[in-house]
Amino acid sequence: MRIAVIGPGRIGGNAARLLARAGHDVTLAFSRDEERLRALAADIGGTATDPAAAVADAEVVILSVPWRLVDEALSQTGPLDGKVVIDTTNQYGAGGLEALPDGQTAAQVNQRRMPGARLVKSFNTLTSAFQASEAHRADPDQRVVLFLAGDDAEAKEIVAGLIRDAGFEPADVGGLADASVMEAPRRHGAVYGEEYRPADARAVVEAVRAGRPIPLTPTY
Ligand SMILES: NC(=O)c1ccc[n+]([C@@H]2O[C@H](COP(=O)([O-])OP(=O)(O)OC[C@H]3O[C@@H](n4cnc5c(N)ncnc54)[C@H](OP(=O)(O)O)[C@@H]3O)[C@@H](O)[C@H]2O)c1
């Protein structure tokens, strides 16, 4: 697929590398340092360009910028109507965790910032170092799970496929309103910051869908 990575830093850059390795056509954009952007693109076998050009041809956009820069990045990409957008962001600002509007998940806040996008939240629960080192585990039972949430079923199917291509196992917790279980901060009753393998992730998904508290965090 044609994938634009807006903010190819630790998380976005790693996803870009894994997806390029899987054969996807990856374009990188949104950097303070064009030379570094071009060097990274050359290193992973992708291309570097500006945000508007990157998203113009993309089927999927990975938005992976600091929370405070989401609006700035979107102003540079232009509207993302109809694009599948993978939102990797967590709502951390300079002073730590930022408050969300009452009753909204961070994913819903971002969906409102890009109303026409087919937003799927994912790649946000585990550190970039962990994602880099633990992709493509050989044993399917031990594969690392990346949770996802979104309101567009077809977009979630596409993202689930990309999660597999990147070397992880997808686990769909539901709609954007259900995303809080996979959002910051790390806490009891949430999967944010925790390794999950497929069997334990399935139990989480069942609990979320049934409106029950999720099982205790597994230890491996
Ligand atoms: N790091 C993690 O382990 C982790 C884990 C899960 C989720 N997340 C979330 O994923 C998102 C990206 O995090 P990250 O850690 O990958 O961030 P990062 O390494 O700091 O990358 C930020 C990206 O935005 C670009 N950028 C453009 N203008 C910028 C500016 N003015 N200031 C800062 N960056 C600018 C950076 O490019 P240049 O540096 O080339 O300018 C870089 O590509 C965040 O919302 C974060 O909460 C992070």
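Me: Is Gly-82 buried, exposed or partly exposed, and where does Gly-82 sit?
Reply: Gly-82 counts as partly exposed, because its relative accessibility is 48%. On this scale buried is under 20% relative accessible area, exposed is over 50% and partly exposed lies in between, with a 1.4 Å probe and protein chains only. Gly-82 is placed in the loop between α4 and β5. Helices (H or I, at least four residues) and strands (E, at least two) are DSSP runs, numbered from the N terminus.

Me: What kind of model is this, and what pLDDT do local features need?
Reply: This is a predicted model: local features need pLDDT of at least 70 and side-chain atom pairs count only at pLDDT 80 or more, while totals for chains, interfaces and linings use all residues. Residues are numbered from 1 along each chain as its sequence is written, and side-chain values use heavy atoms, with hydrogens and water left out.

Me: Back to Gly-82, what is it in contact with?
Reply: Setting aside neighbours within four places in sequence, Gly-82 is in contact with Gly-116, Ala-117 and Arg-118, where contact means heavy atoms within 4.5 Å. Gly-82 and Gly-116 are 34 residues apart along the chain, and their C-alpha atoms are separated by 5.9 Å.

Me: Now the sheet. What is the strand order?
Reply: The order is β3-β2-β1-β4-β5-β8-β9-β10, in an open sheet of eight strands with mixed pairing. Two strands pair if DSSP finds at least two bridges between them. At the edges are β3 (47–48) and β10, each pairing on one side only.

Me: How do β1 and β2 run, and how many bridges join them?
Reply: They run parallel, and five bridges join β1 to β2 (residues 25–29). Arg-2 has Asp-25 as its bridge partner in β2.

Me: And in which sense do β9 and β10 pair?
Reply: In the parallel sense, over five bridges, with β9 covering residues 145–150 and β10 covering residues 169–174. From β9 the chain crosses through helix α7 (residues 153–166) to β10, and this β-α-β crossover is right-handed. Right-handed here means that, with the strands pointing away from the viewer, the path from the first strand over the helix to the second runs clockwise. For a specific pair, Leu-148 has Asp-172 as its bridge partner in β10.

Me: Switching to packing: how many residues has the largest nonpolar core?
Reply: It has 35 residues, and those with the most contacts inside it are Ile-6, Val-61, Leu-63, Leu-80, Met-114, Phe-147 and Tyr-196. A nonpolar core is a set of buried Ala, Val, Leu, Ile, Met, Phe, Trp, Tyr and Cys residues joined through side-chain atoms within 4.5 Å.

Me: Which element gives the most to this core?
Reply: That is α8, with four residues. The elements giving two or more residues include β1 (2–6), β4 (60–63) and α8 (198–210).

Me: What does Val-61 touch?
Reply: Not counting residues up to four places away in sequence, Val-61 touches Ala-4, Ile-6, Val-55, Leu-80, Lys-83, Val-84, Val-85 and Ile-86. There is also a second, separate core of 30 residues, including Ala-16, Ile-44, Val-60 and Val-159.

Me: Why is α5 largely enclosed by the rest of the structure?
Reply: Because six of the eight residues of α5 (residues 106–113) are buried. Those buried residues pack against α4 (70–77), β5 (84–87) and β8 (118–122).

Me: Ligand time! How many residues surround it, and which are the closest?
Reply: 22 residues surround the ligand, and the closest are Arg-10, Ile-11, Ser-31, Arg-32 and Val-65. A residue counts here if one of its heavy atoms lies within 4 Å.

Me: Last one: which side chain makes a polar contact with the side chain of Ser-64?
Reply: The side chain of Thr-88, at 2.8 Å. A polar contact is a pair of N or O atoms within 3.5 Å; within protein, one must be able to donate a hydrogen and the other to accept it, and residues adjacent in sequence count only if both atoms are side-chain atoms. Ser-64 is in the loop between β4 and α4, and Ser-64 counts as buried because its relative accessibility is 12%.
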